[in-house]
Amino acid sequence: MKRIIKNVVVLGSGVMGSRIACHFANIGCQVSLLDIVPKELTEKEKSKNLTLKDRQVRNRIADENLKSTLKAKPSPIYHKSFTSRIRTGNFEDNMDWLKDSDWTIEVVVENIDIKKIVFDKVEEFRKPGTLITTNTSGIPIHSMLEGRSEDFQAHFCGTHFFNPPRYLQLLEIVPSEKTKPEVIDFLMHYGDLYLGKTPVLCKDTPSFIANRIGVFSIMAIFKLMKELDLTIEEIDSLTGPITGKPKSATFRTSDVVGIDTLVKVATNNYNSCPDDEQREIMVIPDFVNKLVEKNWLGDKTGQGFYKKSKDEKGKRIILTLDLDTFEYREKKKAKFGSVGAAKAIDSLPERIKSLHYAKDKAGEFLRKLSYYIFAYSSNRIPEISDELYKIDDAMRAGFGWELGPFETWDILGVEKFVAKMEEVGFKPAEWVKEMLKAGFTSFYKIENGIKKYYDQNSQSYKNIPGKEAFIILDNLRSNAPVWKNSGTTLHDIGDGVLNLEFQTKMNSIGSEVLEGIVKSIEIAEKDFAGLVIGNDGQHFSAGANLALILMLAVEQEWDELDMAVRQFQNTTMRIRYSAVPVVVAPHGMTLGGGCETCLHADKVVASAETYIGLVEVGVGLIPAGGGTKEMALRASDTYEKDKVELPELQKRFLAIGQATVATSAHEAFDIGIFRKGIDDVVINPNRVIANAKAAVLEMVQMGYVQPIERKDIKVLGRSALSSLLIGINSFKLGGYISEHDQKIAEKLAYVLCGGDLSRPMEVSEQYLLNLEREAFLSLCGEKKTLERIQSILNTGKPLRN
């Protein structure tokens with residue numbers, strides 16, 4: 001049966017329900033968000049003479065929850081216009097909407113009796129054959145089937161989203177024994193392709209996979225913190241980005257999730273798993289119980305392990321809870337020699353090895369924590385999963401770990417770590433020892449660019465299912481690259497298509513990356529069909545190498561700086577005017593020079609989570625890798641005869657002048673960076689490079705022809721320049737911008753208008769590139785620009801000057 005999802009009904013509008021509704025709206029579904037009817041009027045409703053029969057009162061709970069969710073930062077919605085796809089209602093008046101629903105998702109309070117009441121109503125209105133799922137995080141799926149019809153049971157499944165659903169990729173699919181296999185297959189496929197998730201098929205066991213392992217790891221950390229006498233700051237310094245974990249690390253994550261939520265999951269795991277060998281670790285520590293007693297539950301109550309406050313000057317500060325005194329104090333910087341040394345190691349696997357084998361307390365903590373997690377994860381097979389890769393997938397997608405437990409164990413050496421674990425009394429599962437005894441020394445291996453996992457039942461390596469549609473560059477590292485330099489690697493990704501991967505710090509663009517782009521195009525033009533520029537890093541590119549710009553400007557090496565800017569401009573023009581199609585595949589931060597790379601591509605295939613913009617003004621410069629030129633060109637292409645042209649130019653002037661960054665790929669169309677009808681958005685980030693490759697092949701098949709350099713760009717000259725200058729001056733007089741900001745804005749306006757021309761005329765791209773480069777170089781000579789660059793290199797934040 002072919003199943004199409006057009007209409008989705010979400011039952012329950014709380015934190016999760018409203019965010020799940022937003023994510024279905026993100027992908028184009030019509031969503032109905034329902035909740036209970038209020039029993040009492042608010043004072044505001046009374047003042048308006050409303051009654052409990054009025055629609056706005058009856059829908060108030062769903063309305064207010066949705067409004068609250070839409071105000072959240074970061075936003076749960078890709079584009080504000082997508083909110084029109086969500087309508088609100090209530091359980092008494094609007095359950096008949098289920099008659100048109102293709103998928104109904106229950107997200108009410110975690111109480112099985114309440115869920116059963118809701119399901120009774122669902123049975124009255126639900127169309128047979130449609131999907132009905134629950135977002136429960138802990139109630140057994142099979143326990144919800146009592147009294148349900150056969151059709152309900154056959155189409156019922158757990159679909160556990162992680163909060164926030166837009167940003168966390170995990171979707172745990174938890175069927176019962178009655179769920180039809182085709183329903184499971186559909187949910188796995190839809191979760192990947194349409195919702196952009198990493199769907200993980202779970203057994204119906206307590207807390208499923210991610211929360212079982214993730215909460216255990218947090219409870220193990222609590223135990224080790226006391227055992228090794230470590231502070232909150234010290235723990236968070238070791239369980240954050242330095243070891244491939246989220247920036248929120250352990251205690252900030254606990255505050256965000258809610259300490260009461262953490263307690264509920266840990267308690268549920270303790271009560272539901274009497275045979276768990278590490279059950280006692282799930283006993284809630286006294287200091288956590290004390291936090292719950294005081295109602296210090298984290299962000300939801302304003303304080304938890306951390307607390308926002310202000311110092312005597314009114315500046316916002318973050319205080320840390322001292323677990324000995326239970327008083328908040330100023331944060332103390334954690335100091336470990338091993339961490340200082342590890343910060344210089346860019347490679348995460350090498351950094352993890354360095355830290356784990358360190359001789360200080362940091363090394364001891366990480367080793368012991370890994371002993372706990374490795375032993376626990378291995379002993380959960382086959383209890384919670386028959387396949388080890390599902391545990392790794394769940395931890396990466398649900399908890400934001402860059403590497404799952406078994407992937408990390410491989411890095412540290414399976415046999416070596418088993419021996420160390422057993423020395424200190426930790427017992428990995430018997431199947432791990434049997435694996436080693438049979439001559440298999442790792443949980444994963446890569447064969448012909450395909451990652452395989454060890455299957456303990458067959459004692460062999462098997463392909464990871466569902467990954468066939470992905471191109472994972474890490475899996476190609478065992479192949480000889482087509483070409484490589486210190487900052488890039490050129491991969492053959494099949495069917496005559498190449499992929500250029502940036503490999504610098506933050507994927508910043510310096511001379512080695514520019515060389516890589518030009519060389520890749522040369523190779524593609526000679527022997528291949530086309531080129532994709534994309535990578536699997538955390539971000540596509542943070543922009544140009546500011547350290548190089550600062551060094552050349554401080555030393556007044558103006559000829560060198562001019563040459564560097566020309567090289568950047570020539571490279572982006574080479575992207576634009578290559579003889580083969582070039583598709584850029586951005587994701588994450590795509591700023592400055594990274595954005596300019598996209599602007600010159602034949603096509604952009606972007607992850608929905610692409611945060612893109614021309615941000616050079618923030619460091620006192622203007623875009624000079626062709627970005628300012630390209631915005632003038634795109635403004636010109638919108639000009640129509642007998643219509644006012646200045647508003648289109650102003651729009652692009654503000655996008656650059658305010659350093660606007662789109663907070664999703666969809667927003668990038670609004671600010672003129674992506675082009676409607678040309679550039680594409682992909683929901684699942686794992687599919688971006690594969691889709692970009694498909695776009696290259698499609699252009700080849702359609703008969704790609706090298707474009708001709710533009711010489712017909714209409715610039716507006718003095719008439720537009722004077723209007724922009726008046727606006728800039730007004731902002732300066734109003735105190736909204738500094739004198740230095742004014743200078744930057746005037747340079748930007750000059751370039752976008754084509755200079756101080758007496759009348760509008762058509763110019764070439766090279767003409768605008770020359771203006772762009774001259775303006776950039778002149779701003780590099782400004783003392784305040786150099787101060788801003790130095791500030792952002794030191795702190796990540798530009799000075800306000």
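Phe-251 has a relative accessible area of 0% and is therefore buried, a label given to residues under 20%, with exposed meaning over 50% and partly exposed in between (1.4 Å probe, protein chains only). The structure is a predicted model, in which local features need pLDDT of at least 70, side-chain atom pairs count only at pLDDT 80 or more, and totals for chains, interfaces and linings use all residues. Residues are numbered from 1 along each chain as its sequence is written, and side-chain values use heavy atoms, leaving out hydrogens and water.

Rings of Phe, Tyr and Trp (its six-membered ring) were paired if their centres lie within 6.5 Å, with planes under 30 degrees apart called stacked, over 60 edge-to-face and the rest tilted. The count comes to 37 aromatic pairs. One of them joins Phe-222 and Phe-251 in a stacked arrangement, 5.7 Å centre to centre with 25° between the planes. This pair links distant parts of the chain, 29 residues apart: Phe-222 belongs to helix α8 (residues 210-228) and Phe-251 to helix α10 (residues 251-257). Phe-222 has a relative accessible area of 1%, so this residue is buried too.

Phe-287 and Phe-305 make an edge-to-face pair, at 6.3 Å centre to centre and 65° between the planes. Because Phe-287 sits in helix α12 (residues 286-293) and Phe-305 in the loop between α12 and β9 (306-310), the pair ties together parts that are 18 residues apart in sequence. Both Phe-287 and Phe-305 are buried.

Turning to Lys-67, this residue is found in helix α4 (residues 60-70). Its relative accessibility is 56%, so Lys-67 counts as exposed.

Notes. Helix = DSSP H or I, 4+ residues; strand = E, 2+ residues; numbered from the N terminus.
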